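Let's take a walk through this model together, from its charged side chains to a pair of packed helices. Have the sequence and the coordinates open as you read.

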Amino acid sequence: MNSANQNIENLIALCKQKNQLAQFEIYNRYCKAMYNVAYRIVKDEHFAQDVMQEGFLKAFTKINDYKQEVLFGAWLKRIIVNYSIDFYKKNNRIAYDDFDNTLYKVEDSAENLTDSLDFNALKVAQILNTMKSLKDNYSMVLTLFFIEGYDQEEISEILNISYANCRTTLSRAKESLRNKLTEI
């Protein structure tokens, strides 16, 4: 085990004892990454800052629940993602029927893959901006899948939708993104 992991384990042990200096050190180590996670979901700088800070507070109050089954950063990220999605749903009123209306199954077909589109030529900023212009549920699913790295089972759990519904929404979101990118 490397010294960074050992050090974080010591900090976590101190946090479990409510040591504020250890909490501050963990906050400083993870705040930028967690802010970026929150920002990609809530889409507002100030709200992302608030969500991130509330997420850290929640993590520090639940630190005794951390059983070291996963890396601390992954555990913290899950808290921030869940808190961000809850905040986004509460403040933007995602239409839940958008997910419910996608119940029929859509498969990715081989000819719809990105063969005809050279993504390497597009700038990352253009792709992210295009993702933001999609319907909220599409943008949310794509962000969780491509940027945050969650698989479809995890996304369906996070968004509280069925696996089939998640798969369909992701497929439609990819197709919508593909269509908008070909217009650029």
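**Salt bridges and a helix crossing**

Let's begin with Arg 178, which is buried, with a relative accessible area of 12% (buried means under 20% relative accessible area, exposed over 50%, and partly exposed in between, using a 1.4 Å probe and protein chains only). Please keep in mind that this is a predicted model, in which local features need pLDDT of at least 70, side-chain atom pairs count only at pLDDT 80 or more, and totals for chains, interfaces and linings use all residues. Residues are numbered from 1 along each chain as its sequence is written, and side-chain values use heavy atoms, leaving out hydrogens and water.

Which residue does Arg 178 pair with in a salt bridge? The partner is Glu 175, with the closest N and O atoms 2.9 Å apart (a salt bridge is a side-chain nitrogen of Lys or Arg within 4 Å of a carboxyl oxygen of Asp or Glu). Glu 175 is partly exposed at 26% relative accessibility. Helices here are DSSP runs of H or I with at least four residues, numbered from the N terminus.

By this rule, the count comes to five salt bridges. Another of them joins Arg 29 to Glu 25 at 3.0 Å, N to O; both residues lie in helix 2 (residues 20–42), four residues apart. Arg 29 is partly exposed at 37%, and Glu 25 is partly exposed at 31%.

A salt bridge between Glu 148 and Arg 40 (2.8 Å, N to O) links distant parts of the chain: Glu 148 belongs to the loop between helix 7 (136–147) and helix 8 (152–159), while Arg 40 is in helix 2, 108 residues apart. Glu 148 is buried at 6%, whereas Arg 40 is partly exposed at 29%. Together with Lys 77, Arg 40 and Glu 148 are linked in a network of salt bridges.

Now for the helix pair. The axes of helix 3 (residues 45–61) and helix 4 (residues 72–92) come within 9 Å and cross at roughly 130°; axes are lines fitted to C-alpha atoms over the stretch in contact, and angles run from 0 to 180 degrees between N-to-C directions. That makes helix 3 oblique to helix 4 (under 35 degrees is roughly parallel, over 145 roughly antiparallel, 65 to 115 roughly perpendicular, and the rest oblique).

Definitions and conventions
Helices (H or I, at least four residues) and strands (E, at least two) are DSSP runs, numbered from the N terminus.
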